[in-house]
Amino acid sequence: MRVGILGSGLMGGKLGKIFAYAGHEVVFSYARSEQKLKMLARDTKGKARPGTPRDAAQGADAVLLAAHWSRIHDVLSQTGDLSGKVIISCSLPMNDDNTELVVSHTSSGAEELAKMIPRARVVSAFNTVPSEVLFGIYEARREANRPSLVYCGDDSSSKGIAAELIRDVGFEPVDAGPLRIARYTEPFALLVAQLAYEGKGGPELAYRFERFG
Ligand SMILES: NC(=O)c1ccc[n+]([C@@H]2O[C@H](COP(=O)([O-])OP(=O)(O)OC[C@H]3O[C@@H](n4cnc5c(N)ncnc54)[C@H](OP(=O)(O)O)[C@@H]3O)[C@@H](O)[C@H]2O)c1
């Protein structure tokens, strides 16, 4: 698949590299320096390239949205028309100092995003896992006893694409249902972050927490 990365930081940088290692054609976009995008692409030995958000979305089978909530309008304005695109969002609707969800209970960041780009096909995924464990999961990927990763969305073909990418990273995708279920997965992601960064076990504990079976 061709995968565009919008937001090439901790999540977008790591997931983009893993998608490239797994054989996908990746375009890294949206970082504060062009140099950073070039370095990410260089690390994949020719399987990814740097570009603008517009380049990343053009011709993409899936776009990973991995920007801070405060930057969503900015990155979307640089991306152009996303009608019909599969948008896999790992962005959590956090306030500026990442202490609180600014959308919750009766809606979710994913649902608000779907309202901002009504003709796109939004899937919420990857936001319940700390970025620190992603390379380890990819390196240890195996057929049996994969850790689970929940995702949700309203469009079945987009969810199929998300499930394939989730599997490529090394997780077993678990379909949690329609996009409104992000109201529950987004607060769950904060619990995982609390365990990862404030708890005693670190990111590995949070990752094990998501191993349902
Ligand atoms: N990190 C995690 O473990 C984790 C887990 C679950 C969900 N999430 C969610 O995933 C999303 C991304 O998180 P992250 O930790 O990957 O954040 P991050 O490392 O800060 O990445 C954000 C990206 O946006 C870029 N950016 C910020 N301001 C910009 C600007 N003015 N112009 C151009 N580019 C700009 C950053 O550029 P630079 O690279 O130059 O800084 C970076 O590439 C967030 O919504 C977060 O809630 C993160």
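Helix 1 (10–21) and helix 8 (182–197) each contribute at least two residues to the lining of the largest pocket. The model is a predicted one.

**The pocket**

- The largest pocket holds about 1100 Å³ of space.
- Its lining is made up of 35 residues, and those nearest the centre of the pocket are L10, M11, A67, H68 and N98.
- Helix 8 gives the most to this lining, supplying six residues.
- By residue class, the lining of the largest pocket has 18 nonpolar, 12 polar and five charged residues.

**The shell around the ligand**

**Polar contacts and cover**

- K36 places a polar side-chain atom 2.5 Å from an oxygen atom of the ligand.
- At M11, a polar backbone atom is 2.8 Å from an oxygen atom of the ligand.
- In the side chain of R71, an N or O atom lies 3.2 Å from a nitrogen atom of the ligand.
- On its own the ligand has 880 Å² of accessible area, and the protein covers 78% of that area.

Notes:
Residues numbered from 1 in each chain as written. Predicted model: local features only at pLDDT ≥ 70, side-chain atom pairs only at ≥ 80, totals over all residues. Heavy atoms only, no water. Polar contact = N/O pair within 3.5 Å; in protein donor to acceptor, adjacent residues only side chain to side chain. Areas by Shrake-Rupley, 256 points an atom, 1.4 Å probe, with all protein chains shown as cover. 1 Å grid on protein atoms, 1.4 Å probe; cavity = no way out; pocket = protein on both sides within 12 Å on 5 of 7 lines; lining within 4 Å. Points joined across faces, edges and corners; volume = space filled by probe spheres on them. Helix = DSSP H or I, 4+ residues; strand = E, 2+ residues; numbered from the N terminus. Nonpolar A, V, L, I, M, F, W, Y, C, P; charged D, E, K, R; others polar.
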